[in-house]
Amino acid sequence: MKWLVVLGLVAFSECIVKIPLRRVKTMRKTLSGKNMLNNFLKEDPYRLSQISFRGSNLTIHPLRNIRDIFYVGNITIGTPPQEFQVIFDTGSSDLWVPSIDCNSTSCATHVRFRHLQSSTFRPTNKTFRIIYGSGRMNGVIAYDTVRIGDLVSTDQPFGLSVEEYGFAHKRFDGILGLNYWNLSWSKAMPIFDKLKNEGAISEPVFAFYLSKDKREGSVVMFGGVDHRYYKGELKWVPLIQAVDWSVHVDRITMNREVIACSEGCAALVDTGSSNIQGPRRLIDNIQRIIGATPRGSKYYVSCSAVNILPSIIFTINGVNYPVPPRAYILKDSRGHCYTTFKEKRVRRSTESWVLGEVFLRLYFSVFDRGNDRIGLARAV
């Protein structure tokens with residue numbers, strides 16, 4: 001029966017729901033001057049129009065581009081719907097947005113959910129906390145109607161933050177986790193699991209196309225795969241375990257030499273991370289190979305090096321996935337070039353990596369919950 005699943009995945013089904021994404025653009029590149037930035041944050045509306053195409057259930061939500069780091073999409077919660085910008089994150093499992101009761105500095109800069117204005121809101125007394133690499137939140141579990149494009153999940157459990165730390169200058173309101181249920185900090189059923197269990201999507205898959213430049217056009221799609229977003233055939237990679245989106249990497253090479261993962265290692269395919277992350281000593285070695293020098297929290301190289309530096313190649317399930325210097329080197333607001341390799345701060349005895357948006361801008365990715373695998377193909 002597997003061939004039926006494959007046919008269902010590649011078909012451009014009427015049941016596919018696509019949410020276009022746009023890369024988050026550096027605020028400094030868009031607005032210079034503190035006063036102008038402050039005015040923008042106060043006056044620029046969050047609520048964006050929804051675009052629908054006649055004769056199709058394809059729904060497009062325009063997204064914001066800030067900091068060249070995040071890809072965010074719009075969802076709504078409550079009745080009548082309240083709109084939020086969230087990261088669609090394969091590295092976590094919880095959906096949460098700020099509560100109107102949150103008085104943290106981070107919450108003050110974001111849209112907060114007004115539970116008293118929703119007729120379908122159902123509270124609980126259950127509390128939880130989540131720790132991310134860049135921040136943390138404390139919250140409570142509640143239930144309400146959540147919409148992702150045309151997908152509707154009624155009585156969906158989600159988190160309402162009452163305290164946030166580290167998100168004050170991030171231009172997203174919350175996070176929509178797409179990882180496996182067992183990794184949920186709140187132990188609430190993730191929205192994808194609920195939609196899957198209720199038969200709201202035709203196939204238990206979702207996929208990402210992340211654009212390589214600042215224009216709109218990035219999408220996350222649910223229920224199938226639109227083959228127009230990639231070249232060639234999808235190469236399927238089994239998960240190490242059906243507990244998260246981690247795959248086995250055979251080796252990592254540069255200049256035909258193995259520089260990491262010499263005996264095989266694990267890598268999390270993470271749409272919520274902007275970098276390629278690995279153990280400190282191995283990341284330091286990569287920075288040395290490409291001649292990067294530390295300055296503050298980043299490593300910098302000459303911008304002309306983009307034309308001469310080698311690709312870093314991840315060999316996954318026998319297939320080479322090169323990441324060229326034009327992908328792993330970015331420019332900051334002053335026109336200086338920095339690398340996107342970052343230390344992975346996790347205490348583990350085994351070597352593990354994170355393949356974030358630097359990798360995923362190059363490769364269209366399909367997350368297949370029905371067969372516990374990831375499909376990769378060269379993005380168009």
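This briefing describes salt bridges in a predicted model. Residues are numbered from 1 along each chain as its sequence is written, and side-chain values use heavy atoms, with hydrogens and water left out. Because the model is predicted, local features need pLDDT of at least 70 and side-chain atom pairs count only at pLDDT 80 or more, while totals for chains, interfaces and linings use all residues. Side chains of opposite charge can pair when their charged atoms come close. A search of the whole structure finds 7 salt bridges, each being a side-chain nitrogen of Lys or Arg within 4 Å of a carboxyl oxygen of Asp or Glu.

**A pair within helix α6**

- D284 and R280 form a salt bridge, with the closest N and O atoms 3.9 Å apart.
- Both residues belong to helix α6, residues 280-289, where helices are DSSP runs (H or I, at least four residues) numbered from the N terminus.
- D284 and R280 are 4 residues apart, about one turn of the helix.
- D284 is partly exposed at 34% relative accessible area, whereas R280, at 54%, is exposed; buried means under 20%, exposed over 50%, and partly exposed in between (1.4 Å probe, protein chains only).

- A salt bridge joins the side chains of R334 and D332, at 3.6 Å from N to O.
- R334 is exposed, with 56% relative accessibility.
- D332 is buried, with a relative accessible area of 12%.

**A buried pair**

- R373 and D368 form a salt bridge in which the closest N and O atoms lie 2.7 Å apart.
- R373 and D368 are both buried.

How values were computed: Helix = DSSP H or I, 4+ residues; strand = E, 2+ residues; numbered from the N terminus.
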